[in-house]
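User: I would like to learn how to read the features of a structure step by step, with the general idea first and the case after it. Could you take me through this one?

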Amino acid sequence: MRIRAQMSMLFHLDKCIGCHTCSVACKNLWTDREGAEYMWWNNVETRPGTGYPVGWEDQDHYKGGWRRDKKGRLKLTLHSKGGGIAKAFYNPHLPALEDYYDPFTFKYGDLFTGPASEQQPTAIPISKITGKPIEINSGPNWDDDLGGSDLYANNDPSMEGVTQEVRSQMDELERVVINYLPRICNHCLNPSCVAACPSGAIYKRAEDGVVLVNEDKCRGWRQCVSACPYKKVYYNWTTGKSEKCILCFPRMETGQAPACAHSCVGRIRYMGVLLYDADLIETMASSPEDELLDAHLDMILDPHDPKVIAAAKASGIDDGWIDSAQRSPVYRFVKEWGMALPLHPEYRTGAMMFYIPPLSPIVSTIEDGLVRLDLPSERRDFELLDELDKARMPVQYLANLFSIGDQEPIRKVLKIMLAVRSFKRRQSVDFVETGSIDDSTTKMLSSAGLDEQTAEEIYRLTTLPTIEDRFVFPPYHREVAIEELNDPLSAKGEAGFGYRQSPQRGA
Amino acid sequence: MTSNDFLFGVIPYAVALLALIVTVLRWKMHQFTVSSLSSQLLESRKLYWGSVPFHWGLSIILTFHILALVVPRGFEIWNGSPLRLYLLEITGLALGFWALFGISALIYRRYSEPRIRKVTSKMDIVVLAVVAVQIITGVWIALGYRWGSYWGTAVFVPYMWSLFRFQPNPDLVEALPWVLKTHALAFFVFLGIFPFTRLVHIITLPLQYIGRPWQKVVANRTPSIPDFEPNTTGGDRPPVVVGAQHKSN
């Protein structure tokens, strides 16, 4: 066993309100520069929809991720190594800027300097690249919320397998449904961007699994942009280098949550350490499709298991990290409670960001001007437990996003969430005087695989977590890492941050 | 010293030295500036018609130029039969036209696309001009002074070898037509501007990719933190690569 640690983020989609605060925090911190205007290392998509860049999930078009060939071997979808070099002069699968959007601003100065006239002066839109007037045809979150749902939702690549009946239902106004999907780099275990980089500029950090681009080594061959199935590596058109989400490692190294997670208004994001066995990565990534999701989740090891602890120590993971892994909220949601799934595990990259799929309202119809919920009339509670197909968000759609089209894992998670919700409602409304719950509630919990205590824990971490509960960061010991690279004694006699050149009298 | 001595006896060494020193310095000190500076993100369709013929045409022709320098005897033997000579010349000319088409498309693209103009530096224009002169004179020579692969080994290769042997003999090229001289001089200019332009990306052709494992994991600290020993040698040490996950294919 070769154990490594991974900083992982968990997104509780049931709590996401789609406010884009995460995107703005990230933008302000990292990509508010020339060449990076169009980049959103963190973005929030309205789903069903085509996302950003448009249709990024369509791998027949973009050629991202890995595939398993007929002999069961793992192949990069984009190219063989020789093919990667041959395509250096022109990359046929690179998204165009139009697939993201032409970055724009407005000529605000005209508002002040415009000549006196009968009309108010206007600030016309101009391209942030050329500075010339443009007609804005798309932009960040162009399809936000219901914008153009007929167009965007129907072209969602993940709608595949959703029956025509359900699709046409979703077109009706009173049945239309959206949820939000915040996305950052997945900091994969088997990253296809790393594999596709001819220059060897992209690498995975051993200590926390953050995938980074070495800007000095990047030569701008752009294969990483194509190879990433999540389209989370971007090409900076000014510097001629690729850039991507760095999981705010300078913040994590000083014990702060990444900007997107820290600023999250809905507090949907959790972060913690996961331990995994690096020897199993290739086996996992080349599993047959029906075993892939389980293999993916099985990568994550139990940090309380003495064998795992011993192996982790032998692999150089210190006690602080192991302790962090044991307190990781991500581990609890993903492994202990089995509530979170990776996004599109079928890309075989071993994505390490996890999602709790969202609940949605019950399908309703309008009868005599009144809304009628599509449920049997004798029920008094919104018991969706056995009626998951009545949820507005088709289970099949969520399954296409998070479980390779298999509805079972999604149903399991949704049941847990509904059971916890009903349990807390009964406890705090129906049985508030006795303080204990009845047999039918216990039965409901056990049908979702829960007991009372677990349900209470899930409720507390979902609803009432403090910032320390949500973000559990290990001690990074940067001082030790820096010592390894730079002998502190060699900096004796220097001051402050040191010098690029030693402060000596020159020749 | 005649102007010919200066142009073909001094300049080649000057530009070669310049190219070598500045490229090494740039690589060591300003590696961030070394990039292919692709603009494909901003415009893709015209780039396809320009970049592919340009790069492939030039790469193949350049390879044959180098081969002619290294194994001139091989070319002489190959060209012993007229049919093979025709074949080589026609291929070369076709590649030249292909590259010419490519650079025309690239120049047109730079001119016609506002986005590309925005990312065009002065040195980009210099590079395009110098390479355009190279290609045009090359095609001109192929048309006007036919069978270059035949006479080149007798006329030009000895001069180049005199340079390599550090016994420059500019007299060997003094009587050549000006087109040939321009073709050679344009190459010296190319070499001179090489380290100051995006041309440096040529030396970064990532052939090492073929041999490396798919994955790359880098540790800022060695895995054996408990037995950590301070680095007493001082100075910077590169990060430690702690092993790759899986091999190719």
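Analyst: Let us begin with strand pairing. Strand 14 (residues 341–342) of chain A pairs with strand 15 of chain A in the antiparallel sense over two bridges, where strands (E, at least two residues) and helices (H or I, at least four) are DSSP runs numbered from the N terminus, and two strands pair if DSSP finds at least two bridges between them. A:Pro342 stands opposite A:Phe354 in strand 15 of chain A. This is a predicted model, in which local features need pLDDT of at least 70 and side-chain atom pairs count only at pLDDT 80 or more, while totals for chains, interfaces and linings use all residues. Residues are numbered from 1 along each chain as its sequence is written, and chains are lettered from A and ligands numbered from 1 in the order in which they are written.

User: Which strand runs parallel to strand 15 of chain A, and how many bridges join them?

Analyst: Strand 1 (residues 3–12) of chain A runs parallel to strand 15, to which four bridges join it; A:Met9 has A:Met353 as its bridge partner in strand 15.

User: Which way do the residues of strand 15 of chain A point, and are they buried or exposed?

Analyst: Burial is judged by counting other C-beta atoms, placed from the backbone, within 10 Å of a residue's own: 20 or more make it buried, 12 or fewer exposed, and the range in between partly exposed. In strand 15 (residues 353–356) of chain A, A:Met353 and A:Tyr355 point one way and A:Phe354 and A:Ile356 the other way, and all are buried.

User: Why does A:Val413 count as buried, and what does A:Val413 touch?

Analyst: A:Val413 is buried because 26 other C-beta atoms lie within 10 Å. For touching, the rule is that two residues are in contact if their C-beta atoms, placed from the backbone, lie within 7 Å. Not counting residues up to four places away in sequence, A:Val413 touches A:Met339, A:Ile356 and A:Pro357. A:Val413 belongs to helix 18 (residues 407–430) of chain A, and its C-alpha atom is separated by 8.5 Å from that of A:Ala448, 35 residues apart along the chain.

User: How should I read a nonpolar core, and which residues touch the most other members of the largest one?

Analyst: A nonpolar core is a set of buried Ala, Val, Leu, Ile, Met, Phe, Trp, Tyr and Cys residues joined through C-beta atoms within 7 Å. The largest here has 134 residues, of which A:Cys193, A:Phe333 and A:Ala419 touch the most other members. Its largest share, nine residues, comes from helix 18 of chain A. Apart from this core lies another, of eleven residues, among them B:Phe54, B:Ala99, B:Leu106 and B:Ala186.

User: How many helices and strands does chain B have, and how is a helix checked for length?

Analyst: Chain B has ten helices and two strands, and from the N terminus on its elements run α-α-α-α-α-α-α-α-α-α-β-β. The expected span of a helix is 1.5 Å times one less than its number of residues. Helix 6 (residues 122–144) of chain B has 23 residues and should therefore span 33 Å, which agrees with the 32 Å between its end C-alpha atoms. Its buried residues include B:Val130, B:Gln134 and B:Ala142, and what covers the buried residues of this helix includes helix 4 (82–112), helix 7 (148–155) and helix 10 (178–193) of chain B.
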